[in-house]
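Reader: I have not read a structure like this before. Please take me through it feature by feature.

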Amino acid sequence: MPSRPLSPHLSVYKFKYTLATSILNRFTGSALSLGLLGLVYWLMAVAAGAAAQARAQRLLSLPFAKLAAAAFVFALAYHLVAGIRHLVWDTGRGLERAQSQRSAWAVGILSVLLTLAILAALWHGGAT
Amino acid sequence: MRLTSPLRQVLGTGSAKEGVRHWWLQRLTSLALLPLSIWFVVSLVALPAFDHATVVSWMGQSCSALLLILFVLIGTWHSQLGLKVIIEDYLHGAGAKTLALVLVGFAHVLIASAGVFAVLKVAFGGAP
């Protein structure tokens, strides 16, 4: 196969926070693929019965698993908000440099607030 | 009339002959996942507890079972589309790339099937 240049020439870009928002979108997306595995594991445990679900939830309530769950909540919140930004871009809006820099901050702040709101609601419900 | 040069035809380079199908599916699935993921998070937060009886009675409702199946199916679809691009971008070497794409594709079909099976089993009263 002929060797051709491939698209993400990561090393040629000067690092800016707008670049970080793009990288983080891919990173959180990949993390959510793993999260999907966790979700299906939990669904299978529920389907296998009360004992299997209790076993799965003992595993999921370990400190490390709780930290991972919080990280997955952030990944979902970030990917959701950043995804909306991408869908707006796809309509041809918000592509000017100043606009995309503003929306980068908005994505960062909104996703952190959304994460905290979800975690607080889970905490308040006493479910974790 | 072909507009490609003879050299290009011999090298076999050019478009992947897929047009914008992948790009469009990524957008469609993301659009569907916006309400589905919000519904999923809100439902989990609204659950009074995560014990087997509560979770089973939630998943046993036709509406939540249907939405959960859609969430798992469209979520795995979106995940597969996303990981495909990441593999194509960052995994060089035709052999490794093809192998990774095949394995990731199989894994997603397996995860989607397992998730749907689990939800249906619970919804049809098969969880002991």
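Author: Start with the term nonpolar core: a set of buried Ala, Val, Leu, Ile, Met, Phe, Trp, Tyr and Cys residues joined through C-beta atoms within 7 Å. Buried means that 20 or more other C-beta atoms lie within 10 Å of a residue's own, exposed means 12 or fewer, and partly exposed is in between, with C-beta atoms placed from the backbone. This is a predicted model, in which local features need pLDDT of at least 70 and side-chain atom pairs count only at pLDDT 80 or more, while totals for chains, interfaces and linings use all residues. Residues are numbered from 1 along each chain as its sequence is written, and chains are lettered from A and ligands numbered from 1 in the order in which they are written.

Reader: How many residues does the largest nonpolar core have, and which have the most contacts inside it?

Author: The largest nonpolar core has 30 residues, and A:L43, A:V46, B:M59, B:V119 and B:V122 have the most contacts inside it. Its largest share, eight residues, comes from α1(A). Helices here are DSSP runs (H or I, at least four residues), numbered from the N terminus.

Reader: What is A:V46 in contact with?

Author: Two residues are in contact if their C-beta atoms, placed from the backbone, lie within 7 Å. Leaving aside neighbours within four places in sequence, the partners of A:V46 include A:Q53, B:V55, B:M59 and B:V122.

Reader: Which residues of α3 of chain B are buried?

Author: In that helix, residues 52-60, the buried ones are B:H52, B:V55 and B:M59. They lie on the same side of α3(B), because they cover an arc of only 75 degrees around the axis (taken from the directions from the helix axis to the C-beta atoms). B:A53 and B:S57, on the other side of α3(B), are exposed. The buried residues pack against α1 and α2 of chain A, along with α4 (62-90) and α5 (94-123) of chain B.

Reader: How do the axes of α1(A) and α2(A) cross?

Author: Two packed helices are described by the angle between their axes and the distance between the axes. Axes are lines fitted to C-alpha atoms, for helices over the stretch in contact, and angles run from 0 to 180 degrees between N-to-C directions. The axes of α1(A) and α2(A) come within 5 Å and cross at roughly 150 degrees.

Reader: How many residues of chain A are in contact with chain B?

Author: 32 residues of chain A are in contact with 34 residues of chain B. On the chain A side, α1(A) supplies the largest share, twelve residues.

Definitions and conventions:
Helix = DSSP H or I, 4+ residues; strand = E, 2+ residues; numbered from the N terminus.
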